[in-house]
Amino acid sequence: MKQITAIIKPFKLEEVREALGDVGVSGLTVTEVKGFGRQKGHTELYRGAEYVVDFLPKVKVEVVIKDEDVERCIEAIVKAAKTGKIGDGKIFVTSVEQVVRIRTGETNEAAV
């Protein structure tokens, strides 16, 4: 099994959720996060004072899937999240050793 973690722009969340649903992903976890990469921060004006916003709002989407579904999920996320502008985000794929569904005790792929 693999865990896909995608850091995306917040306004792209609904499109990504729908795209993942279309490729068979039945559950996901979403977290509001802040960060920066090459996009860096930017300067804003607030009540007449200028200040630097170092961390930009992003959304982290996490799904755990079967190994054979990885490429389909990555393609769906990229297609839904891409704007072509800096700051579109990143996708990370990591191995998952074990999953346990607390309610039923099911393990691994049966628990996903």
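Trainee: Which residues are exposed on the other side of α2?
Mentor: They are E71, E75 and K79. Please keep in mind that this is a predicted model.

Trainee: And which residues of α2 are buried?
Mentor: The buried residues of this helix are V70, C73, A76, I77, A80 and A81. Viewed down the axis of α2, they fall within an arc of 135 degrees, so they line one face of the helix.

Trainee: Why would residues three or four places apart point the same way?
Mentor: An α-helix has 3.6 residues a turn, so residues with that spacing point the same way.

Trainee: What span should helix α2 have, and how far apart are its end C-alpha atoms?
Mentor: Helix α2 covers residues 70-81, which is twelve residues. At 1.5 Å a residue, the helix should span 16 Å, and its end C-alpha atoms are 16 Å apart, so the two values agree.

Trainee: Turning to the largest nonpolar core, which residues touch the most other members?
Mentor: The core has 17 residues, and those that touch the most other members are I4, I8, V16, L20 and I65. Two or more residues come from each of β1, α1, β5 and α2. Helix α2 gives the largest share, six residues.

Trainee: What is I65 in contact with, leaving aside its neighbours within four places in sequence?
Mentor: I65 is in contact with M1, K2, I4, V25, V70 and C73. Two of these contacts, V70 and C73, are among the buried residues of α2.

Trainee: Let us step back to the whole chain. How many helices and strands does the chain have?
Mentor: There are two helices and six strands. From the N terminus on, the order is β-α-β-β-β-β-α-β.

Trainee: What is the radius of gyration of the chain?
Mentor: The chain has 17 Å, whereas a compact globule of 112 residues would have a value near 13 Å. Along the principal axes, the C-alpha atoms fill a box of roughly 55 × 30 × 20 Å.

Trainee: How much of the chain counts as buried, and how much area is exposed?
Mentor: Of the 112 residues, 28% count as buried. The chain exposes about 7,800 Å², and carbon and sulfur atoms supply 51% of that area.

Trainee: What share of the contacts with a separation of 6 or more comes from residues 24 or more positions apart?
Mentor: Such residues account for 70% of those contacts in the chain.

Trainee: Another topic: where is V30, and what does V30 touch?
Mentor: V30 lies in strand β2, residues 29-35. Not counting residues up to four places away in sequence, V30 touches L13, V59, K60 and V61. V30 counts as partly exposed because its relative accessibility is 38%.

Trainee: How far apart are V30 and V70?
Mentor: They are 18 Å apart in space, C-alpha to C-alpha, and 40 residues apart in sequence. G89 itself lies in strand β6 and, at 44% relative accessibility, counts as partly exposed.

Trainee: Last one: what is the phi of N108?
Mentor: N108 has a positive phi of about 50 degrees, although this residue is not a glycine. N108 sits in the segment after β6 and is partly exposed, with a relative accessible area of 30%.

Terms used: Residues are numbered from 1 along each chain as its sequence is written. This is a predicted model: local features need pLDDT of at least 70, side-chain atom pairs count only at pLDDT 80 or more; totals for chains, interfaces and linings use all residues. Side-chain values use heavy atoms; hydrogens and water are left out. Helices (H or I, at least four residues) and strands (E, at least two) are DSSP runs, numbered from the N terminus. The expected span of a helix is 1.5 Å times one less than its number of residues. Buried means under 20% relative accessible area, exposed over 50%, partly exposed in between (1.4 Å probe, protein chains only). The arc is that of the directions from the helix axis to the C-beta atoms. A nonpolar core is a set of buried Ala, Val, Leu, Ile, Met, Phe, Trp, Tyr and Cys residues joined through side-chain atoms within 4.5 Å. Contact means heavy atoms within 4.5 Å. The radius of gyration is taken over C-alpha atoms; the globule rule is 2.2 Å times the number of residues to the power 0.38. Accessible areas come from the Shrake-Rupley method with a 1.4 Å probe; for residues, only the protein chains shown count as cover.
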